[in-house]
Amino acid sequence: MRKMAKFWLGTFLFVAAAALFAPFVPNYGEAATKTMAFAYQTGGIWGMGYDYLGRPIAAQLMQGGQQLLLASLATALFSQGLGMAIGLWLSTKPPIEKGVSLLLDALLILPMTVVALVAYSSAGSSLYATIPITTMLSIPFTSRYYRANAQPLLQTAFVEQAQVAGEAMPKIMIREVVPILMRSIRTDLGQAFITAMYLLTTVSFLGAGTEEVGFLWSTMVAKNLPGLGLNPWATTAPILAIIAITVPLNLFIDAVEED
């Protein structure tokens, strides 16, 4: 792995770890809910000032990434796992491949963002409620990707030899095909995480209402936009946090693909 790939991977892991464990830092969680100043006043913790209710932005920032991170990771893992399983299975079933693919492609008519937004709002602004929706609607893409990657490998000599030896196809897939696809799996999993992060960020931004449901970075942006001129940190800090957790991973994937 090249130095730049290691650098970007390390950066992503550092930011992800910070987002995951920051809510457990003592006192900051309680401070995030307290009105300590006038709306959009500057100063305060780390100089980031206060939000539209006079609560410290820095304390909120430490609370707002964990749920986004976990929901995006779960979405990526479930969508990739299920999509890969279906794609590999379809690659071994030419007689029914077109029919099943046609049924899966019917899911593409459903607008993912709109459906996920409905699930998010209906479940009381829960990002975790969007996971089944985004997983199901991503299957046409992920299954097609893995099916296309697996089909050429099924014509290779080592797979044919394993079939002649009487080994079951699932065992052949796990032992012979999946290891060869690991590079593609890692790349697509990273892209799936980034896509999930952007989707969940968009959904929670659009679904941000008057109800307080925690301090997601995206809802912080939505609720503090009116005060952009008074305290820019209230809006730009969560935006920079989202960039910090997605861009390094994207650059890591690019660096790995160039190897």
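1. Overall make-up. This is a predicted model, and the remarks that follow should be read with that in mind. The protein has twelve helices and zero strands, so that its order of elements from the N terminus on reads α-α-α-α-α-α-α-α-α-α-α-α. Taken along the principal axes, the C-alpha atoms fill a box of roughly 75 × 45 × 30 Å.

2. Burial and contact range. Of the 259 residues in the protein, 44% are buried. Among the contacts with a separation of 6 or more, 69% are made between residues 24 or more positions apart.

3. Helices α6 and α10. Helix α6, which covers residues 112-122, packs against helix α10, residues 182-206, at an angle of about 55° and with the axes 9 Å apart. That angle makes α6 oblique to α10, and the crossing in which α6 passes α10 is right-handed. On the α6 side the contact is made by Met-112, Thr-113, Ala-116, Leu-117 and Tyr-120, while α10 contributes Leu-199, Thr-202, Val-203, Ser-204 and Leu-206. Sorted by class, this contact of α6 with α10 holds seven nonpolar and three polar residues, with no charged residues.

4. Helices α1 and α4. The axes of helix α1 (residues 3-21) and helix α4 (residues 66-91) come within 7 Å of each other and cross at roughly 115°. Here Ala-16, Ala-19 and Leu-20 of α1 meet Gln-66, Leu-69 and Leu-70 of α4. By class, the contact of α1 with α4 has five nonpolar residues and one polar residue, and again no charged residues.

5. Leu-61. This residue lies in helix α3, which spans residues 57-63. Is Leu-61 buried or exposed? Its relative accessible area is 15%, and because the limit for a buried residue is under 20%, Leu-61 counts as buried. Leaving aside residues up to four places away in sequence, Leu-61 touches Met-48, Trp-217, Met-220, Ala-237, Pro-238 and Ala-241.

6. Aromatic pairs: Tyr-28 with Trp-46. The count of aromatic pairs comes to four. In one of them, the rings of Tyr-28 and Trp-46 have centres 6.1 Å apart and planes at 45°, so this pair is tilted. The pair links distant parts of the chain, with Tyr-28 in helix α2 (residues 28-31) and Trp-46 in the loop between α2 and α3, 18 residues apart. Tyr-28 is partly exposed, at 24% relative accessibility, whereas Trp-46 is exposed, with a relative accessible area of 53%.

7. Aromatic pairs: Tyr-145 with Tyr-146. The rings of Tyr-145 and Tyr-146 have their centres 5.1 Å apart and their planes at 80°, and the pair is edge-to-face because planes over 60 degrees apart are classed in that way. As for accessibility, Tyr-145 is partly exposed at 27%, but Tyr-146 is buried at 1% relative accessibility.

Note on methods:
Residues are numbered from 1 along each chain as its sequence is written. This is a predicted model: local features need pLDDT of at least 70, side-chain atom pairs count only at pLDDT 80 or more; totals for chains, interfaces and linings use all residues. Side-chain values use heavy atoms; hydrogens and water are left out. Axes are lines fitted to C-alpha atoms, for helices over the stretch in contact, and angles run from 0 to 180 degrees between N-to-C directions. Helices (H or I, at least four residues) and strands (E, at least two) are DSSP runs, numbered from the N terminus. Angles under 35 degrees count as roughly parallel, over 145 as roughly antiparallel, 65 to 115 as roughly perpendicular and the rest as oblique. A crossing is left-handed if the near helix is turned anticlockwise from the far one by less than a right angle, and right-handed if clockwise. Contact means heavy atoms within 4.5 Å. Ala, Val, Leu, Ile, Met, Phe, Trp, Tyr, Cys and Pro count as nonpolar, Asp, Glu, Lys and Arg as charged, and the others, Gly among them, as polar. Buried means under 20% relative accessible area, exposed over 50%, partly exposed in between (1.4 Å probe, protein chains only). Rings of Phe, Tyr and Trp (its six-membered ring) pair if their centres lie within 6.5 Å; planes under 30 degrees apart count as stacked, over 60 as edge-to-face and the rest as tilted.
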